[in-house]
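Dear colleague,

I am passing on the structure below, and my notes on it follow. Please read them with the model open beside you.

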There are 2 protein chains.
Amino acid sequence: MRSHGTDGGVAQAVLRRFNALRPLSDEDAAALEHAIPEGLLRAGPGEDLIAEGDPVDSVRLVLSGWMFRHKTLEDGRRQIVNFILPGETCDAHAYLLSTMDHAITTATPVAYAEIKRARFELLMAAHRTLAEAFMCETLLNSAIQREWVINLGRRAAFERVAHLFCEIFERLRPVGLVDGNSCALPVTQTDLADATGLSVVHANRTIQELRASGLIVLKDRTLTIRDLEALKNAAMYSPGYLRLYRAK
Amino acid sequence: MRSHGTDGGVAQAVLRRFNALRPLSDEDAAALEHAIPEGLLRAGPGEDLIAEGDPVDSVRLVLSGWMFRHKTLEDGRRQIVNFILPGETCDAHAYLLSTMDHAITTATPVAYAEIKRARFELLMAAHRTLAEAFMCETLLNSAIQREWVINLGRRAAFERVAHLFCEIFERLRPVGLVDGNSCALPVTQTDLADATGLSVVHANRTIQELRASGLIVLKDRTLTIRDLEALKNAAMYSPGYLRLYRAK
DNA sequence: CGTCCGCTTTAACATAAGCTAACGGGCAGC
DNA sequence: GCTGCCCGTTAGCTTATGTTAAAGCGGACG
């Protein structure tokens with residue numbers, strides 16, 4: 001199945017994720033893998049990959065590393081609207097709307113593949129299942145966005161942070177990035193605050209509380225969930241919106 | 001252009017909206033109009049059209065009336081995650097994910113058209129621009145969802161409600177549902193509270209404040225915006241995310 | 001014509017979360 | 001080995017928003 005010597009396994013996360021959404025045929029997988037090395041790129045941590053208002057005319061696949069989507073108000077208040085984790089795509093189809101309504105910044109060093117619009121459209125036309133998988137990615141993104149609206153609108157700080165942790169854990173699982181009950185959490189507390197709509201101080205207090213409750217350990221950018229079920233209960237986490245049935 | 005005697009003008013809102021996203025050829029428009037009367041349906045106010053977890057296998061187009069998407073936590077806290085206004089679609093492509101991750105309820109009496117998946121896919125295959133228009137609808141929905149995340153995460157109550165009002169006004173404009181500086185707002189304060197993540201009491205206080213500031217008049221389910229620019233400033237409303245450039 | 005009911009409004013009080021400020025620890029660079 | 005900087009942490013005080021409760025108000029309905 002691996003056919004490109006130079007990028008051995010580099011597309012692994014993407015393939016695993018897509019297979020969880022729509023099982024891909026070997027042919028579909030090969031076509032996707034083939035498109036990746038052509039547009040392979042890297043970026044360091046804290047780099048702005050694209051800003052609000054920028055024109056879009058390609059699709060990106062995250063091979064490794066974390067990014068996040070965010071918007072900033074005139075007076076500087078920033079909100080992270082979503083994280084983009086390994087295996088996920090930025091902006092499939094977004095070129096249809098011409099420009100970005102939000103910015104994307106890297107949290108860690110990342111490797112990603114950029115597929116130009118024309119190339120992408122050919123790929124979609126030729127591989128129906130692949131097209132559906134990308135479509136699912138986009139829909140799932142909406143579903144996650146809706147869950148974040150609930151998180152910010154109706155959950156208290158403790159539940160909110162707990163929920164975010166559950167979600168990240170469950171999103172990393174299908175791409176093989178959880179190790180037992182631990183996963184990487186390579187972002188600052190400022191980022192977590194901006195993702196949960198809290199002030200940094202309160203985000204910190206909340207994390208302390210989560211630690212004190214024995215539900216999690218968070219140290220050296222590694223999150224360990226001591227009791228996932230209990231954490232989900234505390235977060236009022238309702239499974240399902242991530243649609244990872246097939247992913248086990 | 002009108003060819004169906006019985007549904008005279010019923011698809012007007014949908015066509016206006018689509019034209020604002022992707023100018024449709026007469027042929028595309030005709031194909032869409034043709035699909036509508038077949039699945040024409042009505043519902044009263046407060047009806048649950050679909051619940052979380054329900055299977056989806058059709059696309060709906062709202063011809064008239066308001067609906068909203070919402071999720072409810074186990075303990076009853078409810079969050080409206082978006083309104084669905086006349087001319088907008090529910091769930092284009094959503095059938096790809098099999099089931100709903102949220103519920104849809106009507107706020108007013110509504111008329112809508114239901115297009116079954118098979119029919120919809122044929123329509124998409126035959127009309128590229130129409131397919132793009134539906135795709136844009138889906139993407140726009142995501143963009144709105146992101147803006148709601150910012151609204152709930154980083155705006156204070158006053159800004160939040162002001163922002164919602166600006167958004168609704170701008171979303172109703174391209175479908176011809178604003179009249180001067182007024183538009184319908186056929187929802188209760190409880191609904192507004194659930195959409196803005198506030199308690200009813202505080203939502204009410206905030207609306208009073210908005211009235212006192214002279215920015216709006218809200219009476220008999222009609223919203224009048226006294227000074228749209230001022231309201232947008234107060235809301236830190238950044239145009240653009242609704243992509244209504246072409247709609248003027 | 002009175003009663004019920006859903007919606008809005010007000011009041012009084014409770015509290016979660018914000019803000020400002022300062023300190024500590026680790027790590028990179030000089 | 002000192003210095004600076006980023007990040008996490010803690011403290012003390014402020015405030016926006018939630019909660020509970022009750023009253024007003026108008027329309028629907030018998």
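In this predicted model, chain A is assigned two domains, domain 1 (5-134) and domain 2 (155-247), with bounds that come from an automatic or database domain assignment. The centres of domain 1 and domain 2 of chain A, taken over C-alpha atoms, are 23 Å apart, and the contact between them (heavy atoms within 4.5 Å) takes 20 residues from domain 1 and 21 residues from domain 2.

As for conventions, residues are numbered from 1 along each chain as its sequence is written, while chains are lettered from A and ligands numbered from 1 in the order in which they are written. Local features need pLDDT of at least 70 and side-chain atom pairs count only at pLDDT 80 or more, whereas totals for chains, interfaces and linings use all residues, and side-chain values use heavy atoms, with hydrogens and water left out.

Between domain 1 and domain 2 of chain A, about 1,700 Å² is buried, 59% of it given by carbon and sulfur atoms; buried area here is the accessible area (1.4 Å probe) that two parts lose on being put together, summed over both. Of the area that domain 1 of chain A buries against domain 2, 32% is supplied by Ala20(A), Trp66(A) and Phe83(A), more than by any other three residues.

There are 3 salt bridges between the two domains of chain A, a salt bridge being a side-chain nitrogen of Lys or Arg within 4 Å of a carboxyl oxygen of Asp or Glu. Elsewhere in my notes is the pair Arg78(A) and Asp194(A), whose side chains meet in a salt bridge at 2.6 Å, N to O.

Sugar and phosphate make up 67% of the atoms of DNA strand C that come within 4 Å of the protein. For Arg221(B), a polar side-chain atom lies 3.3 Å from a sugar or linking oxygen of DNA strand C.

Best regards

Terms used
A residue is near a molecule or strand if one of its heavy atoms lies within 4 Å of it. A polar contact is a pair of N or O atoms within 3.5 Å; within protein, one must be able to donate a hydrogen and the other to accept it, and residues adjacent in sequence count only if both atoms are side-chain atoms.
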